[in-house]
Amino acid sequence: MFTGGYTLKLIRIDLAEESYQAEDIPEEYFRALLGGRGVAAKYYYDEIGPDVKPFSDENKLIFMTGPLTGTPVYSGTKFQLATKSPLSEKYICSNSSGFLGPELKCAGFDGIIIEGKASKPVYITIVDNDVKFHDAAPIMGKTTVQAEEYIKANHEEINKGIMSIGVGGENRVVYACIQVGDRSFGRGGGGAVMGDKNLKAIAVHGTSKVKLHNEADLKEYITGNMKACRDSKPVHTKLGTAQYTEVINNLGCYSVANFQTGVLDNAESLYAGEFMGKYKVKNAACYRCPIACAQVCEVKEGPFEGAKSDPEYETIGAFGGQCCVLDPAAIIAANQVCDEVGIDTMQAGTMIAFAMELNQRGLLKSEEADGVDLCWGNGESVVALLHKIANREGIGDLLAKSMYEIAREHPEWKKYLMHVKGMAFAAYEPRGFYGMGLAYGTSARGACHNVGGWTIRDELTSGKFDRFALIGKGKMVKDIQDTRAYVDSLGICTVVRSGMGFSDNPNGKILEYVTGVDFTPELMEIGERVYGLERLIYEREGITREDDYLPERTMTEKLPTGMAKGSVLTKEMYDVMLDEY
Ligand code: SF4
């Protein structure tokens with residue numbers, strides 16, 4: 001019996017009927033799957049069948065917090081989404097930081113399930129247990145920032161708990177994201193599903209506090225850990241995730257020119273010291289986070305003057321590495337455009353790099369791209385293309401599609417589409433460290449470095465594994481995936497998880513103070529269960545071992561430059577890891 005952490009309730013909203021009802025969540029769901037990603041996957045399994053199309057009335061948006069979301073625990077900010085993805089045409093999980101998850105918990109709910117399709121554009125407010133539907137006409141076509149401002153101006157009780165879509169979602173760009181303040185449900189196209197449902201935004205405010213099993217001991221434990229937690233990630237505070245650009249590029253493992261190579265020449269301007277040194281104006285933090293890893297950057301002069309955003313490693317990799325843009329100002333501007341129009345920076349960068357490679361090979365001329373210069377490194381072209389993608393205008397309509405759809409329409413271009421299960425590679429070249437290849441292949445949401453497994457520490461920086469070894473990588477990736485799966489079910493950020501006791505050798509003391517239940521011995525098992533459930537869903541949706549292989553380029557072409565020069569990850573080599581996995 002839980003005595004804190006959970007509300008054991010969700011709010012189910014029917015857009016077609018403009019109705020809602022609160023319903024109980026069985027306690028055993030949380031005992032087995034903890035919350036967040038795990039429980040969202042359970043509802044998906046029960047309610048979204050394999051034949052449901054991403055853009056259909058039957059598809060649902062399932063949002064779920066974890067037991068630590070909205071509690072005093074540091075960075076208890078996360079909440080998860082499960083839906084049928086228009087990007088992969090399969091199950092997708094996605095997570096966001098920000099303030100909406102904590103607000104939802106304080107409103108008395110662990111989750112929200114959105115069903116049906118509204119007959120006209122709406123946005124929803126949830127203030128405690130009062131749900132209202134509002135005409136979204138005044139904010140249709142507006143940016144996510146404008147939508148947020150409008151909602152705040154018209155609902156004075158609502159402050160930070162807002163998620164919205166931009167024109168990317170309204171136009172059903174298959175990788176449209178849901179923006180949650182300056183954070184987002186980035187990958188998988190949740191924003192396009194919202195757009196298809198005529199749902200522009202959800203805003204939440206809760207006035208209660210999350211019930212805690214043992215508040216006094218929890219606060220003492222956390223206070224004692226505060227300095228240690230903050231001091232555990234000084235480089236994250238100073239440079240954010242951008243710190244990895246230099247090391248990854250130097251090791252020949254960067255995402256460059258649509259993965260034609262693993263090294264970006266003359267990339268010093270993108271290295272975090274120089275990038276942040278020149279453009280950073282302040283740090284920003286999610287709910288109760290002592291690390292504040294977001295590096296807010298501003299462009300003060302030049303063609304991108306006035307641009308302001310907080311680019312992460314992946315965004316710098318998507319536009320800097322993938323599109324070979326060496327001007328940080330252009331990347332800050334591109335990131336801002338993506339946030340405002342609501343599209344995933346990672347997928348967008350790879351789609352533009354794909355177009356640039358087609359141009360390099362004479363398969364797509366600038367004249368066929370509305371006159372936009374498709375040469376590598378043109379930052380102004382990147383920004384122009386992002387607007388075209390969001391508005392599905394000209395060449396943007398092609399680049400707004402899923403990789404599967406493009407391959408069906410242009411089979412001759414298939415070998416330049418760098419993805420697994422429709423999702424673009426993250427900013428890591430797997431021929432430079434083979435475990436990352438297995439992580440991309442076996443991830444429960446396509447070529448993802450988070451759900452699939454962030455193998456950088458084990459393979460590149462700690463010396464624990466030889467990056468070019470095959471034996472042992474199956475077990476390594478599985479352990480990372482299981483750890484991530486239980487952490488994603490808790491409701492805290494992965495950056496602080498170790499400082500809070502949530503590693504692959506967990507200490508669940510905090511969780512016990514919050515819920516009254518000692519999960520410590522079961523946490524890794526729960527992670528395995530969550531991952532197993534997701535792969536079960538995949539299997540039901542027709543995914544087989546064949547879908548776990550990597551693109552042709554990765555398995556047949558040797559890296560031409562850098563410290564991993566000559567390396568390739570053939571099918572035979574990959575099978576060694578996949579068999580062990
Ligand atoms: S470490 Fe960064 S992403 Fe994680 S909660 Fe803190 S500010 Fe947010």
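**View 1. Contact between domain 1 and domain 2.** In this predicted model, 35 residues of domain 1 are in contact with 30 residues of domain 2. On the side of domain 1 that touches domain 2, helix H4 (144-154) and helix H5 (167-170) each supply at least two residues. H5 gives the largest share of that side, 3 residues. By type, the residues of this side of domain 1 are 15 nonpolar, 15 polar and 5 charged.

**View 2. Division of the protein into domains.** Domain 1 covers 9-205, domain 2 covers 220-423 and domain 3 covers 430-580. Between the C-alpha centres of domain 1 and domain 2 the distance is 25 Å.

**View 3. Strand E5 and its surroundings.** Strand E5 (residues 91-96) is largely enclosed by the rest of the structure, because 6 of its 6 residues are buried. Tyr-91, Cys-93 and Asn-95 lie on one side of E5, and Ile-92, Ser-94 and Ser-96 on the other; all are buried, and both faces of the strand are covered.

**View 4. The hairpin of E4 and E5.** Strand E4 (residues 79-84) pairs with E5 in the antiparallel sense, over 6 bridges. Opposite Ser-96 in E5 stands Phe-79. The hairpin has 6 residues between the strands, and Glu-89 takes a positive phi near 60 degrees in this hairpin.

**View 5. The shell around the ligand.** There are 13 residues around the ligand, of which Cys-286, Cys-289, Cys-293, Cys-493 and Val-495 come nearest. The shell consists of 10 nonpolar and 3 polar residues, with no charged residues.

Methods: Residues numbered from 1 in each chain as written. Predicted model: local features only at pLDDT ≥ 70, side-chain atom pairs only at ≥ 80, totals over all residues. Near = placed C-beta within 6 Å. Nonpolar A, V, L, I, M, F, W, Y, C, P; charged D, E, K, R; others polar. Domains from an automatic or database assignment. Contact = placed C-beta atoms within 7 Å. Helix = DSSP H or I, 4+ residues; strand = E, 2+ residues; numbered from the N terminus. Buried ≥ 20, exposed ≤ 12 C-beta atoms within 10 Å, placed from the backbone. Pairing = 2+ DSSP bridges.
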